[in-house]
Amino acid sequence: MTDLALRREPLDRARLLTLLQEYGVYAGVAVLILANIALTPHFLSTENFRTQAVQVAPVLIVALGMALAIGSEGVDLSVGSVMALSTSLVSLYLGYGVWIALIVAVIGGAVIGVANGSLIAFIGVQPIVATLALMVAGRGIALVLLPQLKDIRDPAMASLGSGALFGIPYLVLIAAGLALAVGFTVRRTTFGRQLLAIGDSRPAAQLAGLPVRRVLILVYVVSGVLAAVAGVLASARLQASDPTSLGTLMELSAITAVVVGGTPLSGGRVRIGGTVAGAVLIQLLTATLIKHDLPPSWTQIAQAVVIVLAVYAARERGKR
Amino acid sequence: MTAVQTVESESSTFEEEPLGSSRAERLSALAQQHGALVTLVVAVIAASLSFDTFLTVDNLSNMAVSSAFLAVVALGMTFVIITGGIDLSVGSLFALGGVLAAWGSQYGTLVALLLPLAVCGLIGLVNGLLIARARLAPFIVTLASLLAARGILLAVTNEGATTYLVDEKSFFARLGQDKILGIGVPVWITVALFVLGAVVLRRTRFGQYVYAVGGNEDAAALMGVPVARTKTSVYALSGLCAGLAGALNAAWLVSGVTILGSGMELEAISAVVIGGTLLSGGFGFISGSLVGVLLLKVIQNVINQIGSLDSAYQQVVSGAFLAVVVIAQTWLGRRRRML
């Protein structure tokens, strides 16, 4: 018996590490929930769950697109600016009806995505620079369109922001639906397979005859559209369009959620379940720290530590 | 230089022609190196012809001082980018440096200068160690330290509620506000740092290591270049530069403004890239970054002068400009096959 146990030990350690990398984020969420149940009063109320879920929804939606970009061995820094652009567009076109406004906002996100994708796929600019350029320009365009904060007074937008179906807020339903759709796309569609192949090795994908450029452009269009949707939902919840501050540092939160969720930055793998858990983990961590009266300074430092630990844990897998 | 420039880390580069063989190639290298300078000259001429107020002493000296802080940050960023890395934490470090300098100025100029340098340099060193020793991706590590530095800033300033002021009569404040020969002290310091930086990059062993690491890390390691130490040093250097720029800025404003520096990393990266340094590493020069900073500031200034235009156009133009420069660079430097 003891002999067996001794022999299995090194193997167990390696397996433990893999398990930690694969499921560490879920364990983290579980630990946070348990700790909160024990320590935070009124944590187990429906009201609290609803608040947390509504707050995590926009971040999660942006993170889904970010996961695809990172899976293709890229990154999309323009997401925060796309949110700002979409909130400007919504408030400008609300006069023509809600649907028109929503469609225009989503088209705006898609246009930025096409620009990102073309720079990356056709010109060969590194994703970080291409999306940086559109991050700077995007917020500028948003502010040109709508120079300052404007209230949204529209019953349809109000119900989108605060309404619920069977007690579940629309925002949460939409985020969950999009997560399922993106997860399905990654696992079950040709586009998903091609995206992962490109992220794994772009030259190999090229040699295998995959439509590399088309797939890359589509990746950034999806990311742009999802960011635009997140911008619309955030404006609906806030009942206002604020292109100056909406979505600032959103790229950071989204990248954190994706990375903490175990998607390697080296591309070729996308973990949608992990991304959802990553977004929830960050949200719960922040909420817990704030609930226990830790100032925002410590919240940010804690987030930084979590990011570094998550990347450190994912390091071995990323190398290959 | 062309030899270094063509070394690309990701794609095969075996079908290289001998360097400088054709005139077209030399022309494209020239355009890459001096394109920003030509654009700057054109922009300055156009601006001074269009606006009477552009070439006034007041306007120019204002522009020089406000360029100085960004330029110091861009100086450190140039070293980082030449090694093929990126440092997103500089904006936060700039703000943190300013706050620490303003707080420290009550204990004298020495503390006001050394405290931000020590703290920001230390954070840069941690960045470097995580990137070089633990082999984590630069942009994620420096993204994390962006958050951490901001957190420290909030902790120091009572969650952003306290703004530390610098005594206007102190030597430290004069460091930011005095003029020598009509030019602000921060500008002189910046010029001195750029000369120093250029000498270090061009004429020292460390500078050659920086190029070698950015050109091809594995080859550099095989040649005996201390890759990890070089990479660690450039991030520490970038942290030092950001901290110093923040301190000088605090001396100029006579207060440690807590909300500064967000988006500064983007400006610094843009300036370096516009100046001709390749983000893929291995190629770049200090003077280009200075030209890049000046170009960005001239564009900002012109847009501010057009009274009817909102300052948001500044961002649109900067972003579009960055895109154009990157497209031009990629086309000019295209020897690698496009995938």
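Which residue just after helix 3 of chain B takes a positive phi? That residue is B:Gly84, with a phi of about 90°. Before we go on, a word about what you're looking at.

This is a predicted model, where local features need pLDDT of at least 70, side-chain atom pairs count only at pLDDT 80 or more, and totals for chains, interfaces and linings use all residues. Residues are numbered from 1 along each chain as its sequence is written, while chains are lettered from A and ligands numbered from 1 in the order in which they are written.

**Chain A overall**

Let's start with chain A, whose secondary structure comes to 13 helices and four strands. Helices here are DSSP runs of H or I with at least four residues, strands are runs of E with at least two, and both are numbered from the N terminus. Chain A has a radius of gyration of 21 Å, close to the 20 Å from the globule rule for 320 residues, so chain A is as compact as a globular protein of that length. (That radius is taken over C-alpha atoms, and the rule is 2.2 Å times the number of residues to the power 0.38.) Along its principal axes, the C-alpha trace of chain A spans about 75 × 60 × 35 Å.

How much of chain A is buried? Buried residues make up 50% of its 320 residues. A residue counts as buried if 20 or more other C-beta atoms lie within 10 Å of its own, exposed if 12 or fewer do, and partly exposed in between, with C-beta atoms placed from the backbone. As for contacts (two residues whose C-beta atoms, placed from the backbone, lie within 7 Å), take those in chain A between residues at least 6 apart in sequence: 78% of them join residues at least 24 apart.

The expected span of a helix is 1.5 Å times one less than its number of residues.

| Helix | Residues in helix | End-to-end C-alpha distance | Expected span |
|---|---|---|---|
| Helix 12 of chain A | 20 residues | 28 Å | 28 Å |
| Helix 3 of chain B | 26 residues | 35 Å | 38 Å |

Helix 12 of chain A covers residues 272-291. Of its 20 residues, 14 are buried, so helix 12 is largely enclosed by the rest of the structure. Just after helix 12 comes A:Asp293, with a positive phi of about 65°. Just after helix 4 of chain A, A:Gly124 also takes a positive phi, of about 85°. Over in chain B, helix 3 bends by about 30° at B:Ala68. The bend is the angle between axes fitted to the seven residues ending at that residue and the seven starting there.

**Chain B and two of its residues**

Chain B comes to 14 helices and two strands, and 51% of its 339 residues count as buried. Among its contacts with a separation of 6 or more, 77% come from residues 24 or more positions apart.

Is B:Val119 buried or exposed? B:Val119 is buried, with 20 other C-beta atoms within 10 Å. You'll find B:Val119 in helix 5 (residues 109-132) of chain B. Leaving out residues up to four places away in sequence, B:Val119 touches B:Leu96, B:Leu100 and B:Gly243. B:Val119 and B:Gly243 are 124 residues apart in sequence, and their C-alpha atoms are 7.9 Å apart in space.

B:Ala212 sits in helix 9 (residues 205-215) of chain B and counts as buried with 22 C-beta neighbours inside 10 Å. Again setting aside residues up to four places away in sequence, B:Ala212 touches B:Ala220, B:Met223 and B:Val225.

**What the record lists**

In an unreviewed entry, UniProt lists several stretches of chain A as "transmembrane region", including residues 23-44 and 166-186. Such annotations may be inferred rather than shown by experiment, and their positions are given in the numbering used here. In the model, residues 23-44 of chain A are 77% helix and 0% strand, with end C-alpha atoms 24 Å apart. Residues 166-186 of chain A are 81% helix and 10% strand, with ends 29 Å apart.

**Where the chains meet**

How many residues of chain A are in contact with chain B? There are 39, and they contact 41 residues of chain B. Among the helices of chain A that each supply at least two residues to this side are helix 4 (98-123) and helix 13 (296-319). The side of chain A that touches chain B divides into 29 nonpolar, seven polar and three charged residues. In this count Ala, Val, Leu, Ile, Met, Phe, Trp, Tyr, Cys and Pro are nonpolar, Asp, Glu, Lys and Arg are charged, and the others, Gly among them, are polar.
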